[in-house]
Amino acid sequence: RWTEAWLNRGYSCKQAFIPASISEKDKEFATCALEAFKEYLNLVPTGPAHDDATEMRVTVDNDAHRQDEGITYFMALHEKEPANIHHVQALRALSQNKGDFEATVKWLELELTMNSGADQEAANQRKILQYTLCAIYEGKVRPTNSSSAMLTTDEKFATIEKALGYCKSAIDTAPKYAEAVIAYSLPYRRHAKYTPDQPPPMAGQNAQHQDGESQT
């Protein structure tokens, strides 16, 4: 039950592990790191140290392509402590790295709901999550994305609407958020392609660019 020993064992095995390697030795190092971080997280169930170890565990899960194992582990923690946003972030990161669109969106939207504080830090985090959701939804209908060809026109339209809504929310939260302004233009153009007679509402109509020019 010596927490520092488990933590240092996890760090040591992580350092020895070569990401994405399929050698038996590196598989052993990955397993060693995952088990050590698991023991540490069990012994230190809350606090900044727990959150840091959570990030380390997620990194190893992703680098070793063992996302399913990580998802199973953090799902159990999430069900036990649903208010812990760090476990939700872990599930989002693992799902995103795995390429699971539906799960990634689910965890991102839950994380966005959990960032409901009135302080500036919470507002900043919300705008980033809104921008991320916009980019993910837009990416799903991008012509270069193989999943786009499997969507019906109605499904593409609904996906584009989602992207527009999240980008608009990000711009409303932070009118000078340049990345969101740029990201908004992409689904906006795709929206026009599928529904030329129904232009979407403009995002941040009262917003100002950093150079002082209003968005149009």
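Which helices do the buried residues of H4 pack against? In this predicted model, local features need pLDDT of at least 70 and side-chain atom pairs count only at pLDDT 80 or more, while totals for chains, interfaces and linings use all residues. Residues are numbered from 1 along each chain as its sequence is written, and side-chain values use heavy atoms, with hydrogens and water left out.

The protein chain has 9 helices and 0 strands. Helices (H or I, at least four residues) and strands (E, at least two) are DSSP runs, numbered from the N terminus. The pattern along the sequence is α-α-α-α-α-α-α-α-α. Of the 216 residues, 41% count as buried. Buried means under 20% relative accessible area, exposed over 50%, and partly exposed in between (1.4 Å probe, protein chains only).

Helix H4 spans residues 67-80 and has 14 residues. Its reach from first C-alpha to last is 20 Å, close to the expected 20 Å. The expected span is 1.5 Å times one less than the number of residues. Buried in H4 are Gln67, Gly70, Ile71, Tyr73, Phe74, Leu77 and His78. They lie on the same side of H4 because they cover an arc of only 170° around the axis. The arc is taken from the directions from the helix axis to the C-beta atoms. Thr72, Glu79 and Lys80 are exposed on the face turned away from the buried side.

The buried residues of H4 pack against helix H2 (24-43), helix H3 (48-63), helix H5 (85-98) and helix H6 (101-114). Contact means heavy atoms within 4.5 Å. Among contacts in the protein chain between residues at least 6 apart in sequence, 56% join residues at least 24 apart.
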